[in-house]
Amino acid sequence: MSRHRLAFGLASLLTLAIAAVTLLIGTGNLCITSTARPEGGTARTVPARADAGDADGDGIDDQTDILEGALAYVATRPRYRSAYYAEGWPDDGCGVCTDVVARGLLAAGYDLKTLMAADIERGPEAYGIAEPDPAIDFRRVRNQQVFFERHARALTTDVYDRGAWEPGDIVVLPEHVGIVSNRRDADGIPYLIHHEGPWQRAYEEDVLARRAEEVVGHYRVTGDLSSPAS
């Protein structure tokens, strides 16, 4: 076999291998995202607050439960795949960014699927939804932001206002959402626990500083999410 034919054959095999890996990752059948928490940075505990609720009555405040729930969820290493599930909650080890938030809230005792279905039924015009579908509505970024605007405490979107960001807060970017970590970078900007795509290197990343201009929402659960925000 000539060198030219050998080189062509190896190049073809490499192309096929790359295509196969890309297909596996893109369809959620392979995960390259690390569950390891970032090295360095500083840890911050959730401060005690008079308005901290405990929806599930476990003796741990909601903010801490949301943080730990999000971390526990990404520790299962969900594969990234956007799909419709008849029961609403993904049951195949796959998920998207909104599932990080929904699972974090579920760990605190808040069933976002049920809560949002009820809120959409009460005010579909606020969501711009003509035909509600509880199986998917709670897993859309825009719908989550509308819900948190209506039922959580809206806070500053300035990531450099360091004292305004606490572990367990919810942060919204264009078409993306995540949970504020209890780890911060050297400048005091919190890391983000999120799931943005199949090529993401880690579920917890130092991304808010470089995407500061993209932050469009920052929310904190301070009580009953079935009631309007005060």
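I began with a term I would need: a residue counts as buried when its relative accessible area is under 20%, as exposed when that value is over 50%, and as partly exposed in between. I also noted that this is a predicted model.

**Entry 1.** I looked up the salt bridges and found that the structure holds nine of them.

**Entry 2.** I turned to Glu 204 and Arg 37, which form a salt bridge with their closest N and O atoms 2.7 Å apart. This pair links distant parts of the chain, since Glu 204 sits in strand S8 and Arg 37 in the loop between helix H1 and strand S1, 167 residues apart. Glu 204 is buried at 6% relative accessible area, whereas Arg 37 is partly exposed at 36%.

**Entry 3.** I next checked Asp 119 and Arg 150, whose side chains meet in a salt bridge at 2.8 Å, N to O. The two lie 31 residues apart, with Asp 119 in helix H4 and Arg 150 in helix H6. Asp 119 is buried, with a relative accessible area of 1%, while Arg 150 is partly exposed at 29%.

**Entry 4.** I then looked at Glu 196 and Arg 211, a salt bridge whose closest N and O atoms are 2.8 Å apart. Glu 196 lies in the loop between strands S7 and S8, and Arg 211 in the loop between S8 and strand S9, 15 residues apart. Glu 196 is partly exposed at 32% relative accessibility, but Arg 211, at 12%, counts as buried because its value is under 20%.

Conventions
Residues numbered from 1 in each chain as written. Predicted model: local features only at pLDDT ≥ 70, side-chain atom pairs only at ≥ 80, totals over all residues. Heavy atoms only, no water. Salt bridge = Lys/Arg side-chain N within 4 Å of Asp/Glu carboxyl O. Helix = DSSP H or I, 4+ residues; strand = E, 2+ residues; numbered from the N terminus. Buried < 20%, exposed > 50% of the residue type's maximum accessible area, 1.4 Å probe, protein only.
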